[in-house]
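Good morning. I will talk about how two parts of one chain meet, so please have the structure open.

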Amino acid sequence: MSENANLMVGDYRLEKTIGQGTYGKVKLGIHMKTNEKVAVKIIEKSQLQSQKQIARLQREIRFLKLLYHPHIVKVYDVIETTECIYIVMEYAVGGELFDYIVAHKRVKEKEARAFFRMVLSAVDYCHKNSVIHRDLKPENLLLDETKSIKIIDFGFGNTYIENGYLDTFCGSPFYAAPEMILGKKYEGPEVDMWSLGVILFALLCGHLPFDDANMKELYKKIASGTYTVPDYLMPGRI
């Protein structure tokens with residue numbers, strides 16, 4: 001799709017590109033009547049080449065419409081044309097938590113605690129509504145102008161029931177729970193909780209607990225729970 005600074009979608013004028021998704025760009029949008037800034041995720045239908053991809057997109061839209069929490073990004077509108085689907089969402093000006101961690105090397109404990117509480121609150125809300133995310137990582141945690149966390153990308157999300165089991169491996173391997181990488185069945189919330197632990201480690205340490213360029217070795221480390229806590233962390237923090 002060609003760049004067009006004056007492109008109008010519904011009541012929104014699309015401006016600069018602020019991100020790149022799997023199926024297209026994310027652009028800054030301006031509501032023409034209120035001047036409110038929004039993020040517009042553009043999905044090019046030509047990029048949806050399988051039923052699995054279509055189902056993932058439908059799940060993401062359904063969950064974002066269903067879930068209403070201060071630390072989950074809000075969806076304002078979904079606009080469909082012959083070529084594209086536009087998801088109009090809350091704009092988080094602070095960008096990804098991943099970039100924030102990189103810029104600060106590691107996050108101070110007081111601030112890390114505040115970030116983690118926000119994420120935990122949102123994930124707990126999801127689980128109480130029988131929804132699991134399955135792709136929690138700093139790249140899917142955005143910051144608004146007040147450094148409030150906004151969880152995005154529910155494309156790998158699913159619903160779960162007590163004593164029911166799932167077996168799909170999805171999300172980033174670096175944040176994946178042992179059940180996933182070992183191909184075992186899992187109920188749901190436990191894989192999100194594992195990812196939360198990895199995120200907390202990344203916040204406090206500035207790097208991942210399980211890391212290896214060789215996927216086989218990475219999986220061994222995750223399966224055995226082998227990681228090293230840096231000396232600069234106070235005892236009992238991880």
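Buried area is the accessible area, taken with a 1.4 Å probe, that two parts lose on being put together, summed over both. Keep that in mind for a minute.

What you see is a predicted model, where local features need pLDDT of at least 70, side-chain atom pairs count only at pLDDT 80 or more, and totals for chains, interfaces and linings use all residues. Residues are numbered from 1 along each chain as its sequence is written, and side-chain values use heavy atoms, with hydrogens and water left out.

The chain has domain 1, residues 8–90, and domain 2, residues 95–233; these bounds come from an automatic or database domain assignment. Taken over C-alpha atoms, their centres lie 24 Å apart.

How much area do domain 1 and domain 2 bury between them? About 1500 Å², with 61% of it on carbon and sulfur atoms. On the domain 1 side, R56, F63 and H71 lose the most area to domain 2, and together they make up 39% of what that side buries.

Now contacts, meaning heavy atoms within 4.5 Å. By that rule, 15 residues of domain 1 touch 19 residues of domain 2.

Next, salt bridges: a side-chain nitrogen of Lys or Arg within 4 Å of a carboxyl oxygen of Asp or Glu. Two of them cross the interface of domain 1 and domain 2. Separately, E90 forms a salt bridge with K150, where the closest N and O atoms are 3.0 Å apart.

That is the end of my part.
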